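Please read them alongside the sequence and the coordinates.

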Amino acid sequence: MRTRTTGTSRRTSAAGAALAALVLGLTTACGGGDSGDGDKPAKPDAAADATAEANDPKDPGQVSEPLALDEQPKTVDPKVKGVGAGGGKELTETELAAAVLATGDVSTFKVDPMDGPPAQGENADDPACAPLTSMINGKPEPLASAAVYRQLLGARTGRPAISEFLTTHGTQGAVSLLSRLGDAVKACEDGFKGSGAGGSSTYSAVKRIDVPKAGDDTLAYQVTGDFEGDPVPLVFHVVRVGGTVATFYTANLEGTATPEIPSILLATQAAKLK
């Protein structure tokens, strides 16, 4: 995301709240979703920014250049140990919570709990695009038997803000998930529409993104949302290890450039699952 100089971007004011609500409700990503202790940490920086920018009436539309990502580790930290999910073991929610990325696994990121998605999400107007809306909803299909949700923030600056959900499907279900998702990326490259209780959304384009392989299978793609005429890139990186699927996503609320998800996150999560 770009750093504001004075005021906020008009583009974000128009689209930020809608996008934040769409992508797993980032304006309410306050943690505790699977921890069960009821404690709610403060909102991550990206969520607070999205809410503030959407409600800020003073908006000269000036932004600076995007912040460069911190230099990422080149290799997985040797202290990261696998949990044995590579053999097709179907992890429980407790096991997923132990296997999902945590603060310290990747030195450049800190990790907070995040609430799961709302009960109602979007439905695609074209059934071929349904796998894409299921990921936007935070509920990849076939539906998981267990899931945990996390928010990853740059340890030094709080940016980028990247969210992860770790879901278990059994090996056959996980293989089907990535296969159907890959087909949807190809079938829906010219865009699609989604609708739900909160209204309708337009996605103008879908494209596959190159990403280093991690785990047993890897897929990365961008969905370009169209919010009040403004293109908003949403990026998803998906990695499968046995019957477990890790999905990382982020969005560029203030520009059209494809936001980056460091590949070390996928490599480390795959190593932690094996």
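1. Lys272 counts as buried, at 9% relative accessibility, and this in a model that is predicted. The side chain of Lys272 forms a salt bridge with Asp105, the closest N and O atoms being 2.5 Å apart. Because Asp105 lies in the loop between α3 (93-99) and β3 (109-113) while Lys272 belongs to helix α6 (residues 263-273), the pair ties together parts that are 167 residues apart in sequence. Asp105 is buried as well, since its relative accessible area of 12% falls under the 20% cut-off.

2. Arg240 is buried, with a relative accessible area of 11%, whereas Asp216 is partly exposed at 35%. The salt bridge between Lys79 and Asp77 has an N to O distance of 2.8 Å; here Lys79 is partly exposed at 47% relative accessible area, and Asp77 is partly exposed at 29%.

3. Eight of its eight residues are buried, so β6 is largely enclosed by the rest of the structure. Ala161, Ser163, Phe165 and Thr167 point one way from the strand, while Ile162, Glu164, Leu166 and Thr168 point the other way, and all of them are buried. In a regular strand the side chains alternate between the two faces of the sheet.

4. With β5, the pairing is antiparallel over eight bridges, and Val148 has Leu166 as its bridge partner. The two strands form a hairpin with six residues between them, and Gly158 in the turn has a positive phi of about 80°. On the β11 side, six bridges join the antiparallel strands β6 and β11, with Thr244 as the bridge partner of Thr168. Strand β11 is in turn joined to β10 by eight bridges, again in the antiparallel sense, and Thr244 in β11 stands opposite Val241.

5. Helix α5 (residues 171-187) has 17 residues and reaches 24 Å from its first C-alpha to its last, close to the 24 Å expected at 1.5 Å a residue. An α-helix has 3.6 residues a turn, so residues three or four places apart point the same way.

6. The structure holds five aromatic pairs. In one of them, Tyr149 and Phe165 are tilted, at 5.8 Å centre to centre and 45° between the planes. This pair links distant parts of the chain, Tyr149 being in strand β5 (residues 146-154) and Phe165 in strand β6 (residues 161-168), 16 residues apart. Both Tyr149 and Phe165 are buried. A further pair, Phe192 with Tyr203, is stacked, at 4.8 Å centre to centre and 20° between the planes; Phe192 is in strand β7 (residues 192-196) and Tyr203 in strand β8 (residues 199-208), eleven residues apart. Phe192 and Tyr203 are likewise buried.

7. A last point concerns how the aromatic residues are grouped. Tyr149 and Phe165 belong to one aromatic cluster together with Tyr221, Phe236 and Tyr249.

Note on methods:
Residues numbered from 1 in each chain as written. Predicted model: local features only at pLDDT ≥ 70, side-chain atom pairs only at ≥ 80, totals over all residues. Heavy atoms only, no water. Phe/Tyr/Trp six-rings, centres within 6.5 Å; stacked < 30°, edge-to-face > 60°. Helix = DSSP H or I, 4+ residues; strand = E, 2+ residues; numbered from the N terminus. Buried < 20%, exposed > 50% of the residue type's maximum accessible area, 1.4 Å probe, protein only. Expected span 1.5 Å × (residues − 1). Salt bridge = Lys/Arg side-chain N within 4 Å of Asp/Glu carboxyl O. Pairing = 2+ DSSP bridges.
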